[in-house]
Amino acid sequence: MEMTDATARAGLYSRLSEVLGVDHAGTLMAFLPGDEPATKNDLVALKSELTARMDRFEDKMDGFHDALLYQGRTYVMASVGSILTTAALVAGIVRVL
C-alpha cells in the first residue's frame with residue numbers, strides 16, 4: 001500500500017518526535033524539502049543563477065590583486081619612511097647630548 005507524501009511526512013515526524021524529541025524533530029523536518037522535490041528545470045535555473053553570481057564575483061575581483069599589491073607597497077614605503085625618520089631624530093638627539 002502506497003502512502004501519500006503528506007502521510008509519509010506525518011509518519012516521519014511522528015517517529016522522529018519519539019526518537020529525537022519534538023523540538024529536534026521539528027528542526028529536522030524544517031530542513032527537509034517541501035511537498036514537491038526539485039525538478040531538472042529547478043536545477044537548471046539554480047545553475048544559471050549560480051553562474052551569474054560567480055560572474056559578478058569575478059567582475060568584482062578583477063584588479064583586486066593589483067590593488068592589494070599597491071597597498072602593500074605603500075604600507076612598506078610608509079613604514080620604511082617612518083623608521084628612517086625616527087632613526088634620524090634619535091641620531092640628532094644623541095649628537096646634541
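Helix α1 passes helix α2 in a right-handed crossing (right-handed means that the near helix is turned clockwise from the far one by less than a right angle, left-handed that the turn is anticlockwise). The model is predicted: local features need pLDDT of at least 70, side-chain atom pairs count only at pLDDT 80 or more, and totals for chains, interfaces and linings use all residues. Residues are numbered from 1 along each chain as its sequence is written, and side-chain values use heavy atoms, with hydrogens and water left out. Helices are DSSP runs of H or I with at least four residues, numbered from the N terminus.

**Packing of α1 and α2**

- Two packed helices are described by the angle between their axes and the distance between the axes.
- For α1 (residues 5–20) and α2 (residues 22–31), the angle is about 140 degrees and the axes lie 7 Å apart.
- Axes here are lines fitted to C-alpha atoms over the stretch in contact, and angles run from 0 to 180 degrees between N-to-C directions.
- The pair is therefore oblique (under 35 degrees is roughly parallel, over 145 roughly antiparallel, 65 to 115 roughly perpendicular, and the rest oblique).
- On the α1 side, the contact (heavy atoms within 4.5 Å) is made by Arg-9, Leu-12, Tyr-13, Leu-16, Ser-17 and Leu-20.
- The α2 side supplies Val-22, His-24, Ala-25, Gly-26, Leu-28 and Met-29.
- By class, the contact residues are eight nonpolar, three polar and one charged (Ala, Val, Leu, Ile, Met, Phe, Trp, Tyr, Cys and Pro count as nonpolar, Asp, Glu, Lys and Arg as charged, the others, Gly among them, as polar).

**Residues of α1**

- Ser-17 lies in α1 and is buried, at 17% relative accessible area (buried is under 20%, exposed over 50%, partly exposed in between, with a 1.4 Å probe and protein chains only).
- Beyond its neighbours within four places in sequence, Ser-17 touches Val-22 and Ala-25.
- Leu-20, also in α1, is partly exposed at 39% relative accessibility.
- With neighbours within four places in sequence left aside, Leu-20 is in contact with Ala-25 and Leu-28.
- Leu-20 and Pro-33 are 13 residues apart along the chain, and their C-alpha atoms are separated by 19 Å.

**Helix spans and ends**

- The 16 residues of α1 reach 21 Å from first C-alpha to last, close to the 22 Å expected at 1.5 Å a residue (expected span is 1.5 Å times one less than the number of residues).
- Just after α1, Gly-21 has a positive phi of about 100 degrees.
- Helix α3 (residues 40–61) has 22 residues and should span 32 Å; its end C-alpha atoms are 31 Å apart, in agreement.
- Just after α3, Gly-63 takes a positive phi of about 85 degrees.

**Arg-53 in α3**

- Arg-53 sits in α3 and is partly exposed, at 47% relative accessibility.

How values were computed
Helix = DSSP H or I, 4+ residues; strand = E, 2+ residues; numbered from the N terminus.
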